[in-house]
Each structure stands twice: as C-alpha cells, then as structure tokens.
Amino acid sequence: MSWDHPSPFIEQRHVIDAHIDGLQHTNNGVYVMWCGEAAWAHSQSLGLGLAEYQALDRAMAVTEAKYNYLRATRVGDVLKIGTWIAGWDSKLTMERRFQIIHAETGHTVLRASMIFACIEISSGRPRRMPQAFIDGYEPAVLATRSSEATDTPTEPSR
C-alpha cells in the first residue's frame, strides 16, 4: 500500500449491495460513514472511547470536513481506510486525514480531512482539551511522532 503518511491506523471494509446507489457504485455517504467509523476506532485504540469522553464531559466534534472522491468502487471491492491525526494545537482543535485504498489495485479511491473541536458534552460549547486528551492523542499526531516511525501500517485487532 502506498500511504500518504507513515503508520496509518487501518480499518478494512467490504463493499456490499447496501452500499451501492443508483449509479451502481458506492454511495458518497458511505465513505463519510466509513471515515467517521475509522476516526472513532482510532480514538478508542488510543484509550479515548465513549466511556472516557462521558467521564470527562468532553468530546472531539467535527466542525469541518472535505472529501475528494477519486475513483468509484463496486460490490465485492475490499478497501483499506487509513487515518492519521495530522496536526493539532493541543488546546481546542485537531485535524485528521483519511485515505481509502482499493486493496487489490492499490489505487487511492478517496482522500479526506476533518477538523475537530473539543467540546463540553453537557453544554455543547467549545472547551479546552483535558489532559487525558493530550496524553492520549499527542503520541499519534504526525508532527510529534518520533523519527523512528515506520511505513508499516497497524492493523486493528478484530
């Protein structure tokens, strides 16, 4: 796989009939859903799941998203969804990037990015990231990774 950045967190998806729209390819909304699922799985792998968010009364909420659809996919295709935390200010915002690669051809079918803001769950208002977010997310931020990072992707256990 030719990933845009080293060491992505990877989820795998199989395109099924339910993902196909009237144009006989994967519906754009399905890619949006898959990116959201990959982001959430990555956060959970870093020790920041729903229980931690609720206990802290904090969450990272999407404020902006951009999707570049590059190639169509169809029923039976196997896709690898890679995600990275591309940057952050360690106070309020973080940027996450995504790349979806067709497992058989190696072609990139989508690139996306999302901007997140830390919010207080109970009020929905922006709030500074708690120390637990800094401790959990910072090691995964591309700019703060050590130079020893490799190009070997990490597959989540299923």
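Two strands pair if DSSP finds at least two bridges between them. Strands (E, at least two residues) and helices (H or I, at least four) are DSSP runs, numbered from the N terminus. Keep both in mind for the tour.

This is a predicted model: local features need pLDDT of at least 70, side-chain atom pairs count only at pLDDT 80 or more, and totals for chains, interfaces and linings use all residues. Residues are numbered from 1 along each chain as its sequence is written, and side-chain values use heavy atoms, with hydrogens and water left out.

**Stop 1: the sheet**

Show the strands. You see an open sheet of 5 strands, paired antiparallel, in the order β1-β3-β4-β5-β2. Go to the edges: β1 (9-14) and β2 each have a single partner strand, so one side of each is left without a neighbour in the sheet. On average, neighbouring strands are turned by 25° against each other, direction ignored. That angle is taken between axes, which are lines fitted to C-alpha atoms.

Select R13. Its bridge partner in β3 is L79. Antiparallel β1 and β3 are joined by 6 bridges. Now step on from L79: in β4, its bridge partner is H102. Between β3 and β4, also antiparallel, there are 9 bridges. These two strands form a hairpin with 4 residues between them. Click S90 in the turn; its phi is positive, about 60°.

Colour β3 by accessibility. Of its 11 residues, 10 are buried. Buried means under 20% relative accessible area, exposed over 50%, and partly exposed in between (1.4 Å probe, protein chains only).

β2 and β5 run antiparallel and share 11 bridges. Select M60: C118 in β5 stands opposite.

**Stop 2: the core**

Nonpolar side chains tend to be buried together in soluble globular proteins. A nonpolar core here is a set of buried Ala, Val, Leu, Ile, Met, Phe, Trp, Tyr and Cys residues joined through side-chain atoms within 4.5 Å. Which residues of the largest nonpolar core touch the most other members? Select C35, M60, I100, L110, F133 and Y137, out of 33 residues. At least two residues each come from α1, β2 (58-69), β3 (78-88), β4 (93-102), β5 (108-120) and α3 (131-137). The largest share, 7 residues, is from β5.

Zoom in on I100. Beyond four places in sequence, its contacts (heavy atoms within 4.5 Å) include Y31, C35, L79 and L110.

**Stop 3: aromatic pairs**

The whole structure holds 7 aromatic pairs. Rings of Phe, Tyr and Trp (its six-membered ring) pair if their centres lie within 6.5 Å; planes under 30 degrees apart count as stacked, over 60 as edge-to-face and the rest as tilted.

Select Y31 and W34. This pair is edge-to-face, at 5.7 Å centre to centre and 90° between the planes. The two are 3 residues apart in helix α1, so about one helical turn separates them. Y31 and W34 are both buried.

Next, select W40 and Y53. Their ring centres are 5.2 Å apart and their planes at 85°, so this pair is edge-to-face too. W40 lies in helix α1 and Y53 in helix α2 (residues 50-56), so the pair ties together parts 13 residues apart in sequence. W40 is partly exposed, at 30% relative accessibility. Y53 is buried, at 5%.

**Last stop: S43**

Select S43 in helix α1 (residues 28-45). Is S43 buried or partly exposed? At 5% relative accessibility, S43 counts as buried. Not counting residues up to four places away in sequence, S43 touches L48, Y53, R96 and Y137.

Note on methods
Axes are lines fitted to C-alpha atoms, for helices over the stretch in contact, and angles run from 0 to 180 degrees between N-to-C directions.
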